Amino acid sequence: MKNVMVVFAVLILSAGCMRTPSNVYVLSTTDCGATWQKLDVGASIPKHVGNPCGYTVAIPNWPMAGGVVFKTQFSKKVMSLANLSYTYGVTNPIAFINAARYLGKMGGSLEISAESVGGQYEMAENIIIDRLLREVTTEITRNLEIVDANPAEIEDAIFEKAKDVLDRKGVTLSDLALVIENDEQTRLAIDAATAVRVYEAAGIREVGEQIIAARAGATQITVSNSPQMNP
């Protein structure tokens, strides 16, 4: 849907439409992007004849989806994989174009192909949103014990902190989802630590530790059912 809408916006503007459509923000500059003017919906699009530093770009005005996967560090240098997906929209196009200046280069999204426009906004996600999410997530998790980590609470903390920063860059996060993936050794350690707490609460910590040690040393047997061959 994102690429379809980008195609639609580019086709309208590159086809010579002299009025700004409602599904995009149209920004115009006369000084090679040093300053920008946001055109109202239905306004005439300037042609900038004779001004090599005058051009116009379009920015999507609809919700877009993104995602990023990276390693984050918990307390005691425990590494986990953070998988973040989010939905966002550009709500302040001038602040956004100043944060992603390469999108406002001469001969911007009104002249290039629809495929390039899609690629540019994926790059904008990487530079503006994904980088920030990495920094915020690492900052939040670095002092958390992996055993006590609550993905829902971490998700809320990331959303609140990232949202405040992105608002200043002209981007509004509407939702965010976090999935933390641990390797097998980390999962086993979390299970063991949790089990010890349960046994300790029940007053049988030593017995629990023996059970955990026995299970850790037990041979794992994999059983698979295969169809029997008729004689």
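These questions and answers walk through a predicted model of one protein chain.

User: How are residues numbered, and which pLDDT do local features need?
Analyst: Residues count from 1 along each chain as its sequence is written. As this is a predicted model, totals for chains, interfaces and linings use all residues, side-chain values use heavy atoms without hydrogens or water, side-chain atom pairs count only at pLDDT 80 or more, and local features need pLDDT of at least 70.

User: What share of the residues score at least 70 in pLDDT?
Analyst: pLDDT is the predictor's confidence in each residue, from 0 to 100. The chain averages 76. The share scoring at least 70 is 65%.

User: Which element has the lowest mean pLDDT, and which the highest?
Analyst: Elements here are DSSP runs numbered from the N terminus: helices (H or I, at least four residues) and strands (E, at least two). Helix H1, residues 2-14, has the lowest mean, 43. The highest mean, 94, belongs to H4.

User: How many contacts beyond four places in sequence does the model have for residues 218-223?
Analyst: Contact means heavy atoms within 4.5 Å. Over residues 218-223 the pLDDT stays under 50. Where pLDDT is low, the predicted coordinates should not be read in detail. The number of such contacts for this stretch is 0.

User: Which residues does Leu133 contact, leaving aside neighbours within four places in sequence?
Analyst: Leu133 is among the residues with the most contacts inside the largest core. Leu84, Ile158 and Leu176 are also among them. Its contacts are Val68, Phe70, Leu84, Tyr86, Ile158, Ala162 and Leu176.

User: What is the order of the strands in the open sheet?
Analyst: Two strands pair if DSSP finds at least two bridges between them. S1 and S3 run antiparallel and are joined by 6 bridges. The edge strands, each pairing on one side only, are S2 (37-39) and S3. The order of the 3 strands is S2-S1-S3.

User: Why does the pair Lys76 and Glu145 tie together parts of the chain that are apart in sequence?
Analyst: A salt bridge puts a side-chain nitrogen of Lys or Arg within 4 Å of a carboxyl oxygen of Asp or Glu. These two side chains meet in one, at 2.6 Å, N to O. Lys76 lies in the loop between S4 and S5 and Glu145 in the loop between H3 and H4, so the parts tied together are 69 residues apart.

User: Is Lys76 buried or exposed?
Analyst: Buried means under 20% relative accessible area, exposed over 50%, and partly exposed in between (1.4 Å probe, protein chains only). Lys76 has a relative accessible area of 65%, so it is exposed.

User: What separates Lys163 and Asp167 in helix H4?
Analyst: Lys163 forms a salt bridge with Asp167, the closest N and O atoms being 3.5 Å apart. The two are 4 residues apart in helix H4, so the separation is about one helical turn.

How values were computed. A nonpolar core is a set of buried Ala, Val, Leu, Ile, Met, Phe, Trp, Tyr and Cys residues joined through side-chain atoms within 4.5 Å.
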